[in-house]
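Subject: Structure for your review

Dear colleague,

Please find below the structure I mentioned, followed by my notes on what was found in it. I would be grateful if you read the two side by side.

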Amino acid sequence: MAQAALKPVVRHAPDEAVDWKRVARLVHLSRALDEMEETRLVPEKKVLYQFSARGHDMAQVLLGLRLTGRHDAACGYYRSRPLLLSLGVDPADALGSAMGRAGGYSGGRDIGVVFNHPNPEGACALPMCGGVGTQYTPTAGWAQAMKYHAEVLGRADHADSIAVALGGDGSVASNGFWSALTIATTETLPMLFYIEDNGYGISVPSVLQTPGGNIAANLSGWKNLTIFEGDGTDPAAAARLTGEAVAHVRHRRAPALLRLAVPRLQGHSFQDTQAYKSEETVRREWARDPLPRLKEHVVPAVLSEAEWQAAGEEARKVAEAARIAAEARLAAAPETVTRHVFFEGEMQAMGGPARHANPAPRTTDVPQADGQRINMVTAIRRTLEHELSVNERIVLFGEDIGPKGGVHAVTLGLQEKFGRARVFDTSLSEEGIVGRAVGMALAGLMPVPEIQFRKYAEPATEQINDCGTIRWRTNNRFAAPMVLRMPGGYFKCGDPWHSQTNEVAFVHQPGWKVAVPSNAADAVGLLRTGLRGNDPVIFFEHRAMLDHASARRPYPGDDYALPFGKASLTRRGDKITLVTWGAMVHRCEAAAEGLSADVIDLRTLMPWDREAVLASVRRTRRCLIVHEDLGTAGFGAEIAAVVANEAFMDLDAPVSRLTMPDIPSPHNPALLDHAVPSVATIRARIEALLEF
């Protein structure tokens, strides 16, 4: 079995620094809510997902009561409701969220156990995700933001705040755990890894998650990490260990891991019968129930028997009142379900620098041309440099972006000018890069993470998806705006690893805006809009355009910003409409030379300028969509569907697409030239459509 035999409990006098009466009330309340859900609300189908906290509850309450820093933050998982109660969350919100009612954590948009708790003036609960292990790297980002606020911005009220990630023994096998561990220990961050080891990940014993089943033992030699561990069902031991671990992180400003052995007294979820456990195992687990141990610890030393019983009765009354209040709430109005995918003018309660920017910086979409034409690399670097100089909350990070200046030289010299705290290299973990950025954004910074090549974003897919949905799934309580820079596409050659585009994958991630500039001026305008905006943005930097002659433009000025969703008509005609973006823009322009064609550079794919495309097609009566990405399910299919649906009667020819075939990008230049739409193939398709 994963857990070693525990020594008999030794009675200790209750620690006077702990409010044991409050601990007793909160543990009773947690039990009452669990019992109500299991015996009434789930059978009545008023709660559809239920995860009992029995066995985990006392230790979590002891932890929550230690989170007293003004900007402390915790990010938990589906069994963390006792922590929420200890942070002051209204039980009616907790039950109402479990029942999918209006208000609460998400207004019925998310599972009730996927919680959040905005609290700008006290300990908050960061918006958790449904995926196991996804809580760790955003928590590391919050911890790094606390360090940044205190040491770089000089904000003393952040100097003793900490971040806590709660996880079970199963989660320590996840990418997120190991990435966050690397971040916290290499950066010396005030982060506590709080591991509740109940011996099972659903039915899988912890010996299959960690060699020997004890992550604390395995990490005993890990540098810059202090380990605490013990029995999470022993009130005295749990209180002492929690206090020591929190104090270590808070005062030494260094990471720690606290592993507490606890029993999972119910199944993984309500539906789990625990048939994989023997009767003897279940009996041993119930013998370690922390509730009777808590009673032995505080009665009569702190509470009388009558007061203990009264605490239980009061908890049941509070739970019943919460149920009545929760059931009185209606479901959110269905027509509101599409709100808050993006910022709509109503400021979120927590997250992003926009809450602190007053007044907003002046911008203009009229370029103020300055000097000679510059390439896209220089334009992006100059924009980043200016925005770093005017916004102290911007931080740049990624692999090789420091002294090296990035593999494409975009960040060259920025670390030297702004320092390592603001421009820094990271470990080789895209999960860590994006997850850390989420936590920093939630803490009010504007992170600008870089994924070195588009294909390398795949390990970060879960964090990218979760980041985009934060505003929507918390019903505008939280948001995590950032600009995620990502080079990709072909260059002088191609290959399956560095030359992928696949922008459509990000368009299909709700909550992300997607920019695909084709020239230096547009890169400046779209990047600045993203950096001064209030939504997460994918900023796609095409490798072939970074130093291409056709992409060079004069620098358009330090206030130049372009709206997302506004296409550029780069060439005007009346016989055919070419819709394109990125590296295909200059090829379409060359292919249309001497012909009467509209060439539309979309500039952004989310949102995209439907009105400009439809207006042009209705006038030219023909439409060709050209993009580098694969044809099947590429973004051109979306455009073609909209044109066919809304302008079908205006067409004189079928809507046509010209794309890469459904293959990875080939390496040999001859193969690449054959696969990517060329000026000649585009010209031939135009002529065929004109003759239709």
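In these notes, buried means under 20% relative accessible area, exposed over 50%, and partly exposed in between, with a 1.4 Å probe and protein chains only. The model is predicted, so local features need pLDDT of at least 70 and side-chain atom pairs count only at pLDDT 80 or more, whereas totals for chains, interfaces and linings use all residues. Residues are numbered from 1 along each chain as its sequence is written, and side-chain values use heavy atoms, with hydrogens and water left out.

Aromatic pairs

Rings of Phe, Tyr and Trp (its six-membered ring) are taken as a pair if their centres lie within 6.5 Å, and the pair is stacked if the planes are under 30 degrees apart, edge-to-face if over 60, and tilted otherwise. A search of the whole structure gives 13 such pairs. In one of them, Tyr77 and Tyr78, the ring centres are 5.1 Å apart and the planes stand at 75°, so the pair is edge-to-face; both Tyr77 and Tyr78 are buried. Tyr136 and Phe177 also form an edge-to-face pair, at 5.2 Å centre to centre with 80° between the planes. Helices and strands here are DSSP runs (H or I of at least four residues for helices, E of at least two for strands), numbered from the N terminus. Tyr136 lies in helix H5 (residues 136-151) and Phe177 in helix H6 (residues 175-186), so this pair ties together parts that are 41 residues apart in sequence.

Nonpolar cores

A nonpolar core is a set of buried Ala, Val, Leu, Ile, Met, Phe, Trp, Tyr and Cys residues joined through side-chain atoms within 4.5 Å. The largest has 112 residues, of which Trp142, Phe177, Leu602 and Ile639 touch the most other members. Apart from that core lies another, of 55 residues, including Met446, Tyr555, Ala591 and Leu689. With contact taken as heavy atoms within 4.5 Å, and residues up to four places away in sequence not counted, Ile639 touches Val579, Trp581, Leu602, Trp608, Val613 and Ile625.

The buried residues are Met584, Val585, His586, Arg587, Cys588 and Ala591, and what covers them includes strand E18 (576-580), strand E19 (597-601), E21 and helix H22 (679-690).

His340, in the loop between helix H11 (305-328) and strand E9 (370-374), is buried, with a relative accessible area of 6%. Leaving aside neighbours within four places in sequence, His340 is in contact with Arg109, Glu346, Arg471, Trp472, Asn475 and Asn476. Val655, by contrast, is partly exposed at 23%, and lies in the loop between helix H20 (635-646) and strand E22 (656-660). With the neighbours within four places again set aside, Val655 is in contact with Cys623, Ile625, Ala640 and Val643.

Pocket and cavities

On a 1 Å grid over the protein atoms alone, a cavity is a set of points where a 1.4 Å probe fits but cannot get out, and a pocket is an open set with protein on both sides within 12 Å along at least five of seven lines; lining residues have an atom within 4 Å of a point. Points are joined across faces, edges and corners, and a volume is the space filled by probe spheres set on them.

The largest pocket holds about 540 Å³ of space. Of the 25 residues that line this pocket, Ala354, Ala357, Pro361, Leu531 and Arg532 are the closest to its centre. Helix H17 (520-531) and helix H12 (376-390) each supply at least two lining residues, and the largest share, three residues, comes from H17.

There are six cavities of 30 Å³ or more by this rule. The largest cavity has about 140 Å³ of space and is lined by 16 residues, with Phe51, Tyr78, Arg81, Gly112 and Val113 nearest its centre. The second largest cavity has about 70 Å³, and its lining includes Trp581, Met584 and His627.

Best regards
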